[in-house]
Amino acid sequence: MAMASALTQTTDRASRPKRARRSGVVGSRAFPYLLIMPMLALEGALVIYPIVRGALFSLDTPAGLGLDNYRYMLADPDFWRMIQHTLVFTLSVVVAILAIGLSLALLMNWSFRGRGVVRSLLTVPWAIPEVPVAITFVLMLDPSFGVFNAFLRLVPGVTENPQWLLDPVLAMLVVVGATVWKGFPFYSLVLLSALQSVPDELYEAAKIDRAGRFAQFRYITLPGIRPTLALLAVLAFIYSTQQFTLIWLITGGGPVDATTTLAPAIYMQAFRFYNFSYAGAIAVVGFGISAIATLCFVLLQRRMETPE
Amino acid sequence: MSAPARTRFRLPSLEDALRGAAIVIVSAIIFFPVYWMIVSSIRPSAESLSFPPPLWPGSIDVQSYFQLFVEKPIARWLLLSTLVASLTVIGTLILVIPAAYALSRLYWPGRSAFGLLLLFTQMMPAAVVVAPILALYRGLGWTDNLWALALLHTAFVVPLCAWVLKASFDAVPKEIVEAALIDGCDRWKVLWLVVLPLTRPGLVAVSVIAFFASWNEYLFASTLITKNDLYTASLGLATLMTQLDTPLFVLMAAGVTFSILPVFFYMAIQRHLLRGLTAGAVKG
């Protein structure tokens, strides 16, 4: 759920000019800080402090404080394979989730009877918790009785059930598929409302100018939703780097390490090998990635707020 | 939200028919895993374990659900999940109402920085902090403690909730607030008596988000809770999955049982949820 982060402003231009008057009416300058204090304290204790502590773990080596963990990490082929798997997983999820989300939104951007029902049905994968999603995918992909095999057998030339979870490429496909299936409704619904906010007059004008379907999409629809698409791309990126449960329960990061992305890698180091300090070093990399993604998100949002 | 197509009047055409067909087919594909989960829970396991498994259940048998509740402690798991999730909702509301009010209605130095901090904590993958949190919780003696788990769930869901609630505070007309202030209401009264009643949908959305973020959460629960009798539903379910002696249809019945509540609530408040989640990014 944390993936479905708020697409909101960090600054609110509207209320800024009110400053002088507000402070006159509202009074006490400490009031806002009192309001945020409890939340700030909790975030400090349970998010910020653990990040710092994790970073300190990573500096803790048998030879005293030092960068040995990082040296080891950068020389470790497993680490680079993990980065590679993370990139493949993340990019596949982002591209697939936006492509499917947009196609569905385009398909739904049209008034038809039962539209509300379809919208509600679309919400279902988003609402189902990850553990049952994992259970269902494992069942559907079972090499001896999984229903996916039955569908695949309909393709001419396929005579054997693939070992979905034992083949590195197929296993990656499976975790990407499950992640996309669970996540796409959010993207689809957001894109749908973006499509609906593209002014109708533009399409009317295009029709008068005899612009074709594709031209309309290319020159009206796409520019109209581009800012939303960009923000959603960042959110999808974050959603996929956060993904742990589906990967862990479907493949356990395997076969061998073929689906071990950042989150399962940290978990394995910490709880399988009990190597907290090396896990800390990998976590710092994860922290860096998500900090950069957050900055991209903020910059995109700023750009969106300033009229072109 | 404007729906331009809705107001236009046109006759059904071939294109509309094709679109309709495409929607039906795509919905069927998307919905298939859900269908499969339900079907596998209401037919004898032997049928699901044959290959190819029949697409329609040959016989319907809801015995799995009885077996689930009699033989597995699912009622207890669900109860504990409800407890943890309810605590998370309470904690979230207590923290998020004042913070969202400060973000939306007040201007103060440091507000942008606070917003950035929230965004940043919200984007942080849980895996990054899970090991230090375990160390911290061990030090405090907070492992195997459902209250402490709820506190952690609260910490990870409040940033998102703050944005959602801020968006609905933003929508309260300034004039109403100013009128109340002029009428002599103090700041707290404005918040409790004027702003909050007007933002009920936002409060509902925030509660649902917090409840199910906790209800669904697996990573923290699995690292911090080790005692079987404190298992929440996501933990219990994951254990059933790895226990090979659980009959398949009982496992699927457990999955369905665990999903009913979130699916129902998400569907019910889908519009509010989305409006809150997208405020600011989608004009219109």
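## A buried glutamine in chain A

A residue is called buried if 20 or more other C-beta atoms lie within 10 Å of its own, exposed if 12 or fewer do, and partly exposed in between, with the C-beta atoms placed from the backbone. A:Gln269 has 21 other C-beta atoms within 10 Å and is therefore buried. This is a predicted model, in which local features need pLDDT of at least 70 and side-chain atom pairs count only at pLDDT 80 or more, while totals for chains, interfaces and linings use all residues. Residues are numbered from 1 along each chain as its sequence is written, and chains are lettered from A and ligands numbered from 1 in the order in which they are written.

A:Gln269 belongs to helix α12 (residues 262-271) of chain A, where helices (H or I, at least four residues) and strands (E, at least two) are DSSP runs numbered from the N terminus. When its neighbours within four places in sequence are left aside, A:Gln269 is in contact with A:Asn275, A:Tyr278, A:Ala279 and A:Ile282, a contact being a pair of residues whose C-beta atoms, placed from the backbone, lie within 7 Å. The C-alpha atoms of A:Gln269 and A:Ile282 are separated by 8.9 Å, and the two residues are 13 residues apart along the chain.

## Chain B as a whole

Chain B has 14 helices and zero strands, and its C-alpha atoms fill a box of roughly 70 × 70 × 30 Å along the principal axes. Of its 284 residues, 48% count as buried. Among the contacts in chain B with a separation of 6 or more, 76% come from residues 24 or more positions apart.

## Two helices of chain B

Helix α5 (residues 74-105) of chain B packs against helix α8 (residues 146-170) of chain B at an angle of about 40 degrees, with their axes 6 Å apart; axes are lines fitted to C-alpha atoms, for helices over the stretch in contact, and angles run from 0 to 180 degrees between N-to-C directions. α5(B) and α8(B) are therefore oblique to each other, since angles under 35 degrees count as roughly parallel, over 145 as roughly antiparallel, 65 to 115 as roughly perpendicular and the rest as oblique.

## Where the chains meet

The contact between the chains takes 96 residues from chain A and 97 residues from chain B. On the side of chain A that touches chain B, the largest share, 15 residues, comes from helix α2 (residues 31-59) of chain A.

Key:
Two residues are in contact if their C-beta atoms, placed from the backbone, lie within 7 Å.
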